[in-house]
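Dear colleague,

I am passing on the structure below, together with some notes on what turned up in it. Please keep it open beside you while you read.

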Amino acid sequence: MTADFDKTRAAFHLPKGVIYLDGNSLGPMPRAAVERVRGCVADEWGELLITGWNKAGWMDLPAKLGDRIGRLIGAAPGTVVLGDTLSIKVYQALASALELNPGRKVILSDTGNFPSDLYMADGLVRTLGQGYELRTVAPEDVEAAITPDLAVLMLTEVDYRTGRKHDMKHLIAKAHAAGVLVVWDLAHSAGALPVDLSGADADFAVGCTYKYLNSGPGGPAFIYVAPRLADRARPALSGWLGHEQPFAFDIGYRPGRGIERMRVGTPPVLQLAALEASMDIWDTVEMADVRARAIELTEAFIKGVEAACPSLTLASPRDAQVRGSQVSFRHKEGYAIMQALIARGVIGDFRAPDILRFGFTPLYTTMDDVTGAVAILAEVMEKNLWDQPQYKMRSKVT
Ligand SMILES: Cc1ncc(COP(=O)(O)O)c(C=O)c1O
């Protein structure tokens, strides 16, 4: 299959006059999502009422869509399920992994990890007590810090700030050799670059769907558990939909089969309907094609910005092989610069303390977008257009 990116781009609604380089934060709306969600509301919820759980197959959506995401991340059918937010899924995977490695009490992560992952680990450690601890090291020191006292290594594959990518396969092999289980956060990997969970012998992985997978704001997360662990992993968040027989309404909890046990409560049906519309587009492409195109786009952007904006410093790896699908630049006035860009129709985002972040998503980002964004950024920098009070007032979401 060779990807037809003109066709995939046409399948998204992209507001006129906007160059959207923030699909790594919130993917744009698939055009078909409007009708799919409308149908789900009016025809399914409206007409079928509660019978929609059976008649419209709502209850099966988390596993069905999990399989479609699975194709993008090297996960076999029946190993991925959707639900909850990513923070919850991080907690769930981590708790199960810790329980599978009894006698060991240390979680290792890196200081570049997304704060919510570290907060969730911290909360879990506090709840468990009994000497459990979270240890963090600099991203480049992770490999050397894998020691046989660790229970779990918890990493985000692609750094949300810089786009630096860990070597998943290598770190898993190293961790397994030391008897350590690994939990991967694929928030900036799923739909961004090829991931091969089976080939890398991954244990647990989690990720979100509202970024590269375009399920819309608040879309649910996914969780993967390796088949060799899925029937042994005990869910700490033991909700009724992860029960072996939810509708038996037993008062004792018995985990469901395989990945089904990682379900917690009622699935977000409307959001899953939006995700279905997006997966119809994803089903038409191969990750290898997406990755090849993303590398062309990011390389061109880096080249253009470095030539035109000498005061911006590249914060992402220069080597495309160890970079995700985003490019970040540093500047102490990064926030104001990003606001000035957004005011001119180039949408990226800002991550404290000084990162301007731009996402490249071949399903709808073109080389013309790259050229246009570079030209506008060059003008903003050359004429100090960012140096206005209105661009320095921080909004709640940056
Ligand atoms: C790497 C990473 N992990 C976790 C999260 C938190 O996700 P959620 O808000 O869905 O819980 C994010 C959110 O952007 C993220 O980028």
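Is arginine 234 buried or exposed? Please bear in mind, before the answer, that this is a predicted model. Arginine 234 has a relative accessibility of 52%, and because exposed means over 50%, it counts as exposed.

Arginine 234 also forms a salt bridge with glutamate 99, in which the closest N and O atoms are 2.7 Å apart. Since arginine 234 sits in the loop between helix 8 (227-230) and helix 9 (269-282), while glutamate 99 belongs to helix 5, the pair ties together parts that are 135 residues apart in sequence. Glutamate 99, for its part, counts as partly exposed, with a relative accessibility of 39%.

Aspartate 84 is paired with lysine 89, and here the closest N and O atoms are 2.5 Å apart. Lysine 89 counts as buried because its relative accessibility is 1%, whereas aspartate 84, at 26%, counts as partly exposed. In the other pair, the side chains of glutamate 379 and lysine 383 meet at 2.9 Å, taken from N to O; glutamate 379 is partly exposed at 34% relative accessibility, and lysine 383 is exposed, with a relative accessible area of 51%. Besides such pairs, there is a network in which Glu35, Arg38 and Asp43 are joined by salt bridges that share partners.

The next item is the largest pocket, which has about 280 Å³ of space in it. Its lining is made up of 16 residues, and those that lie nearest the centre are Leu86, Phe114, His188, Tyr210 and Lys211. When the lining residues are sorted by class, 5 are nonpolar, 6 are polar and 5 are charged.

Which residues make the nonpolar surface patch of about 280 Å²? They are Val41, Trp45 and Leu270. Of these residues, tryptophan 45 is found in helix 2, which covers residues 31-48, and with a relative accessibility of 52% this tryptophan counts as exposed.

When you go through the model yourself, you might begin with the pair of arginine 234 and glutamate 99, and then turn to the lining of the largest pocket.

With best wishes

Terms used:
Residues are numbered from 1 along each chain as its sequence is written. This is a predicted model: local features need pLDDT of at least 70, side-chain atom pairs count only at pLDDT 80 or more; totals for chains, interfaces and linings use all residues. Side-chain values use heavy atoms; hydrogens and water are left out. Patches are made of residues with over 30% relative accessible area and no salt bridge: like charges are joined within 9 Å, nonpolar side chains (Val, Leu, Ile, Met, Phe, Trp, Tyr) within 5 Å. Accessible areas come from the Shrake-Rupley method with a 1.4 Å probe; for residues, only the protein chains shown count as cover. A salt bridge is a side-chain nitrogen of Lys or Arg within 4 Å of a carboxyl oxygen of Asp or Glu. Helices (H or I, at least four residues) and strands (E, at least two) are DSSP runs, numbered from the N terminus. Buried means under 20% relative accessible area, exposed over 50%, partly exposed in between (1.4 Å probe, protein chains only). On a 1 Å grid over the protein atoms alone, a cavity is a set of points where a 1.4 Å probe fits but cannot get out, and a pocket is an open set with protein on both sides within 12 Å along at least five of seven lines; lining residues have an atom within 4 Å of a point. Grid points are joined across faces, edges and corners, and a volume is the space filled by probe spheres set on the points. Ala, Val, Leu, Ile, Met, Phe, Trp, Tyr, Cys and Pro count as nonpolar, Asp, Glu, Lys and Arg as charged, and the others, Gly among them, as polar.
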